[in-house]
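User: I have a model open and want to learn how to read its features. Where do we begin?

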Amino acid sequence: MQFTSMILSNVEVSPGYWRMRLTAPQAFAAAHAGQFVMVRVSAAIDPLLRRPLAIFDVGMHTPAQSGSQPQPFFEMLFRVVGKGTAMLAALHETDLLDVLGPLGSGFDAGSADEEKLIVGGGIGLAPLYLLAKGLVGRGSPVRLFAGGRSRDDILCITEFERLGVECYTATEDGSLGEQGFVTVALTRRLDALKGRATLYACGPDGMLKAVAAIAAERQIPCQVSLEGYMACGVGACLGCVVPGREHSTQTPDFRCVCTEGPVFSARDLQWTV
Amino acid sequence: MDRLNMKPDMAVSVAGIALRNPVMTASGTFGYGEEFVDYVDLLKIGAFITKGLSLKPRAGNPTPRIVETPGGMLNAIGLQNVGIDAFIAKKVPFLRSVATPAIANFFGDTVDEYAEMARRLDDIPEVAGLEMNISCPNVKHGGIVFGADPACAAGVVRACRAVSKKPLIVKLSPNVTDIVAMAKACVDAGADSLSLINTLVGMAIDIKTRRPVLANITGGFSGPAIKPIALRMVWQVARAVKVPIIGIGGIMNATDALEFILAGASAVQVGTASFINPGAAQTIADDMEAWLVANGVADVKSLIGALET
């Protein structure tokens with residue numbers, strides 16, 4: 001659905017990273033973890049295209065006016081990477097945004113008793129909070145492995161901890177948690193679990209590839225949430241495609257990140273990057 | 001005229017296809033129609049054009065395939081499509097369910113492939129007309145784009161005309177020295193209508209990596225930034241040929257669409273705008289009707305080529 005949304009808050013949670021809360025129509029409350037929105041940053045023609053952003057959280061808020069009914073809100077966590085996101089960061093409470101969504105597929109929660117290991121790199125944490133919330137709600141044991149270049153890239157960890165999720169952090173410069181890649185701590189936990197777990201990951205391509213390889217080697221299910229350059233978000237432009245496992249030039253099997261993803265089972269994709 | 005009760009006549013005819021209004025959706029921006037049913041009432045637009053089809057499925061180009069530029073975007077999708085067989089099996093049943101003309105866009109690597117496509121599409125009753133994309137390299141002639149050479153374009157149009165009775169629209173490339181010569185050659189070869197413009201070849205560079213942004217290096221430039229060029233070409237071509245023209249290029253709203261109609265277009269195609277607002281084509285058709293009402297214009301056809309110079 002397409003709707004006009006009002007910004008309820010827009011806060012810089014870490015240098016260059018922003019968390020925005022917006023009003024949403026009633027139907028938006030049913031959004032799944034892993035889905036995304038396409039946001040029109042301004043009504044002008046530059047920037048022209050919408051920006052795809054993960055849904056960080058959804059919930060209900062009660063407007064300040066007395067007698068108001070609770071209304072759904074949603075949150076986006078984004079990093080300023082260019083002109084469009086810089087304009088989003090400059091918006092304030094009560095500003096309006098044109099939003100398309102929720103779009104795409106969500107994460108599959110799997111069986112409730114298995115431990116869920118969530119791996120996020122930098123802004124890749126954006127779709128993972130709502131996932132963690134849902135998994136905790138179903139009674140699954142959940143652990144978060146958050147990685148980044150430095151402590152500034154480790155986002156909203158207290159939010160995950162408040163859910164009761166045990167969090168491991170690793171940074172490349174050692175400024176927070178273990179020094180190095182978060183996949184080291186992930187591997188340790190998998191060794192302890194002896195292979196009974198489900199993996200969820202979102203982050204840079206290198207991290208996703210490493211997590212997919214760990215999952216493949218141990219034959220455990222792994223879902224990844226991907227990013228893609230896209231113009232439309234509804235499966236028309238074919239800008240955001242990724243090669244499926246059996247893809248070749250002779251037998252093309254491109255998957256649209258926007259409509260067939262952004263969440264994919266890692267084993268359904270070709271990990272060439 | 002009683003403006004309050006007026007219902008303007010929005011119907012136009014292009015290449016013998018009756019359209020309830022002049023607003024169509026451009027190939028490659030509207031999937032096969034079905035992708036947009038949540039956003040567009042297909043009964044409120046004139047027609048929709050399918051993603052470009054080929055004999056065999058096409059993988060398309062590597063990614064990145066898309067980059068935004070000020071006022072526009074570049075795409076190098078590489079004509080990814082399901083191929084004619086899957087189109088017939090999986091996409092045509094939807095076309096049957098919609099009472100809006102569906103026009104099949106198609107292309108080939110050789111004249112024979114184009115003709116084979118035209119012949120196969122001619123057999124599909126759900127396809128109201130054909131739109132030929134001639135902006136493809138001619139494999140047998142050193143890769144020169146069909147649409148960049150009048151004789152080459154005429155040859156491929158003639159081959160398709162000979163095997164198809166359906167209305168035949170030829171989509172012109174703007175990447176030529178003389179668009180009027182191209183237009184005349186296609187009409188002489190049997191085109192019932194011309195649609196223009198296709199995208200302009202462009203590129204974008206990342207100075208940090210010193211690499212092109214698109215994996216394909218170059219891509220097709222579209223969006224509001226190209227509208228002045230498109231308007232100029234539609235105006236030139238409309239004066240030079242007698243067949244109906246379909247104006248395309250950066251149409252974002254009803255004002256843009258009306259500019260093309262004044263320049264000589266009988267209908268328009270909305271492309272990139274559907275990426276930003278999936279309901280754009282319907283909004284433009286609605287707003288165009290409202291403009292006619294507000295300005296006391298009883299029949300949209302009276303605006304076609306009504307530019308005063």
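Analyst: Begin with a definition: helices and strands are DSSP runs, numbered from the N terminus. Keep in mind that this is a predicted model.

User: Where does B:Leu79 lie?

Analyst: B:Leu79 lies in the loop between strand E6 (72-75) and helix H1 (83-96) of chain B. Its phi is positive, about 60°, although B:Leu79 is not a glycine.

User: Is B:Leu79 buried or exposed?

Analyst: A residue is buried if 20 or more other C-beta atoms lie within 10 Å of its own. B:Leu79 has 20 C-beta neighbours inside 10 Å, so it counts as buried.

User: What is phi of A:Cys156?

Analyst: Phi of A:Cys156 is near 55°, again a positive value in a residue other than glycine. A:Cys156 sits in the loop between strand E9 (142-148) and helix H3 (157-162) of chain A. A:Cys156 counts as buried because it has 22 C-beta neighbours inside 10 Å.

User: In what order do the strands of the chain B barrel close?

Analyst: Eight strands close in the order E3-E4-E7-E8-E9-E10-E15-E16, with parallel pairing. The twist averages 25° from one strand to the next.

User: Which strands does helix H2 of chain B touch?

Analyst: Helix H2 (residues 111-122) packs on the sheet and touches strands E7 (102-106) and E8 (127-133) of chain B. The direction of H2 makes about 170° with that of E8(B).

User: Which residue does a cis peptide bond join to A:Pro262?

Analyst: A:Gly261, with omega about 10°. A:Pro262 lies in the loop between strand E15 (254-256) and strand E16 (263-265) of chain A.

Notes
Residues numbered from 1 in each chain as written. Chains lettered and ligands numbered in written order. Predicted model: local features only at pLDDT ≥ 70, side-chain atom pairs only at ≥ 80, totals over all residues. Pairing = 2+ DSSP bridges. Helix = DSSP H or I, 4+ residues; strand = E, 2+ residues; numbered from the N terminus. Axes fitted to C-alpha atoms, helices over the stretch in contact; angles between N-to-C directions. Contact = placed C-beta atoms within 7 Å. Buried ≥ 20, exposed ≤ 12 C-beta atoms within 10 Å, placed from the backbone.
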